[in-house]
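Subject: Two-chain model, handed over

Hello,

Here is the structure for you to look at. Please open it alongside this note.

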Amino acid sequence: MKHSNGIPLCNLELNKKAKVIDLKCSENELRRFLDLGIVKDTILTPIFKSPFGTPTAYEVRKTVLALRKETAEKIIVSEAE
Amino acid sequence: MGLTSKSTGTKILDEDIFKNSKTSDFTIGLAGNPNVGKSTVFNGLTGMHQHTGNWPGKTVSNAVGTYSYSNKTFLLVDIPGTYSLMSDSEEEEIARNYICSGKSDLTVVVLDATSIERNLNLAFQIMDITPNVLICVNLLDEAKKKGIHIDFELFSELLGVPVVGVTARKKHTLNKLTQAIYDVCNGKIKPSPKIHFSKQTSKSNTVSEILKKSEEICQKVCTYQKQDYNERDRKIDKVLTSKLFGIPIMLLFLGLIFWLTIEGANYPSQLLAKMFSALQNQLYSLFEWLHAPDFLTGILIDGMYRTLAWVVSVMLPPMAIFFPLFTFLEDLGYLPRIAFNLDNCFKRCCASGKQALTMCMGFGCNACRCRWM
């Protein structure tokens with residue numbers, strides 16, 4: 001498994017499935033991610049953007065949640081099939 | 001209801017609930033993720049009119065109500081919605097403190113039938129604290145619309161606790177829930193959660209484990225009859241938040257509401273004004289007949305009565321029109337989309353998109369103000 005080629009979630013194209021490989025954030029933010037069901041190996045798909053570019057809505061575990069760019073860039077993902 | 005420190009602080013936990021619990025036979029906590037309809041279940045059971053709203057985070061303090069069933073009284077506590085019990089936000093602290101305190105005989109965890117997988121996270125965390133848990137799957141009508149089928153028997157078997165499905169908006173479906181609560185409280189059904197999580201070194205490991213388990217259970221219990229069960233919602237969302245239409249549609253909606261409020265309020269306003277002025281003439285004759293001194297007539301009729309009549313006739317109609325319309329928009333679920341659209345603008349002022357809702361509410365006052373001018 002190649003960990004080195006991960007990209008920040010905010011750079012992922014719309015409708016591309018991706019898998020979380022790392023969370024680069026503080027303890028507090030990590031807890032927030034855990035609450036929302038985002039951990040390593042979670043599959044995320046960006047599905048639409050706000051008219052101003054941020055936040056972006058992501059589909060996670062059959063629900064949709066919105067993350068701002070600053071938050072999404074802390075989630076490192078790799079494209080998944 | 002105003003959000004005073006008394007109504008939102010953790011203090012309320014101890015005083016009110018403890019006092020009430022002495023007079024009822026059983027205490028039931030109502031927990032769940034935000035926006036799964038806990039307050040609707042609460043109102044359905046207690047017959048109370050707690051404000052319900054279609055946005056997460058509506059309930060920030062514990063509401064308390066009672067109901068009776070088969071000669072027993074049940075005290076129901078509506079706990080604020082949370083995604084987990086591990087964080088530090090005030091709602092989560094209230095929820096955690098309450099569940100940990102062991103003051104309730106049973107905790108009912110309300111799940112959204114359309115996103116059970118995510119909701120199970122909280123359910124597992126609660127089952128880790130207390131074995132007395134009953135799962136109530138709400139919004140079955142929504143799930144049915146989306147072609148999601150849930151096998152309750154299997155669900156209950158896998159978890160080891162009773163699971164009931166309801167549509168809280170339709171009161172008769174709550175009978176199953178009342179019966180199940182009654183059975184558990186009387187020891188007829190004994191919940192014994194089957195799935196336990198080993199104490200991990202970090203919270204993140206525990207949650208990963210919980211999430212994995214949730215995924216597994218969800219796969220067994222839920223069947224999706226339509227592959228594209230969310231297709232329609234997504235399409236609407238994409239239009240409502242698109243670069244091209246997002247903002248214009250929002251302005252159109254808000255503008256329409258504003259216009260309806262200002263224009264529509266004219267007729268009832270005129271009617272009220274006419275009624276009040278007729279009454280004013282009556283009052284004048286009454287005062288004349290009583291030979292009241294001029295200054296008294298001046299203070300009471302020209303001063304107090306007239307101002308009051310004016311305020312009521314100008315302010316009441318727009319409010320009576322604006323707030324129902326706004327509630328309609330809320331029920332459509334459009335408000336979170338506004339928040340999503342405007343988040344970036346609000347962020348620049350160090351606020352969050354959620355404040356857009358408060359801003360829209362303020363339109364109600366603006367409408368009154370415009371008419372006043």
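Below is what was found in it, beginning with the ground rules.

This is a predicted model, in which local features need pLDDT of at least 70, side-chain atom pairs count only at pLDDT 80 or more, and totals for chains, interfaces and linings use all residues. Residues are numbered from 1 along each chain as its sequence is written, while chains are lettered from A and ligands numbered from 1 in the order in which they are written.

Where the chains meet

The contact between the chains takes 23 residues from chain A and 27 residues from chain B. Two residues are in contact if their C-beta atoms, placed from the backbone, lie within 7 Å. On the chain B side, five helices each supply at least two residues: H5 (116-129), H9, H10 (231-240), H11 (246-289) and H13 (335-348). H13(B) gives the largest share, six residues. By class, the side of chain B that touches chain A has eleven polar, nine charged and seven nonpolar residues. Nonpolar here covers Ala, Val, Leu, Ile, Met, Phe, Trp, Tyr, Cys and Pro; charged covers Asp, Glu, Lys and Arg; the others, Gly among them, are polar. Helices (H or I, at least four residues) and strands (E, at least two) are DSSP runs, numbered from the N terminus.

Helix H1 of chain A

H1(A) covers residues 27-35, and its buried residues are Arg31(A), Phe33(A), Leu34(A) and Asp35(A). Buried means that 20 or more other C-beta atoms lie within 10 Å of the residue's own; exposed means 12 or fewer, and partly exposed is in between, with C-beta atoms placed from the backbone. The buried residues of H1(A) pack against strand E2 (18-23) of chain A and helix H9 (203-221) of chain B.

How do the axes of H1(A) and H9(B) cross? They come within 10 Å and cross at roughly 10 degrees. Axes are lines fitted to C-alpha atoms, for helices over the stretch in contact, and angles run from 0 to 180 degrees between N-to-C directions. H1(A) and H9(B) are therefore roughly parallel. That label is for angles under 35 degrees; over 145 is roughly antiparallel, 65 to 115 roughly perpendicular and the rest oblique. Leu30(A), Arg31(A) and Leu34(A) make the contact from H1(A), and Lys203(B), Ser204(B) and Val207(B) make it from H9(B). By class, this contact has three nonpolar, one polar and two charged residues. After H1(A) comes Gly37(A), with a positive phi near 85 degrees.

The chain A sheet

Six strands of chain A form an open sheet, in the order E1-E6-E2-E3-E4-E5, with antiparallel pairing. Strands E1 (7-8) and E5 (63-67) of chain A stand at the edges with a single partner strand each, so one side of each has no neighbour in the sheet. Two strands pair if DSSP finds at least two bridges between them. E2(A) is joined to E6(A) (residues 75-79) by five bridges. There, Leu23(A) has Ile75(A) as its bridge partner.

Strands of chain B

Strand E1(B) (residues 26-32) has six of its seven residues buried, so the rest of the structure largely encloses it. Five bridges join E1(B) to E3(B), in parallel. Thr27(B) stands opposite Leu75(B) in E3(B). Five bridges also join E1(B) to E4(B) (residues 106-112), again in parallel. Gly29(B) stands opposite Thr107(B) in E4(B).

E2(B) (residues 63-69) and E3(B) (residues 72-78) run antiparallel, joined by seven bridges. They form a hairpin with two residues between them, and Ser70(B) in the turn has a positive phi of about 50 degrees. Tyr69(B) is the bridge partner of Lys72(B) in E3(B).

Helix H5 and two residues of chain B

H5(B) is mostly covered, with twelve of its 14 residues buried. At 1.5 Å a residue it should span 20 Å, and its end C-alpha atoms are 20 Å apart, which agrees. The expected span is 1.5 Å times one less than the number of residues.

Thr173(B) lies in the loop between strand E7 (163-165) and helix H8 (175-185) of chain B. Thr173(B) is partly exposed, with 17 other C-beta atoms within 10 Å. Leu154(B), in helix H7 (residues 152-159) of chain B, is partly exposed too, with 13. Not counting residues up to four places away in sequence, Leu154(B) touches Lys220(B) and Val221(B).

Best wishes
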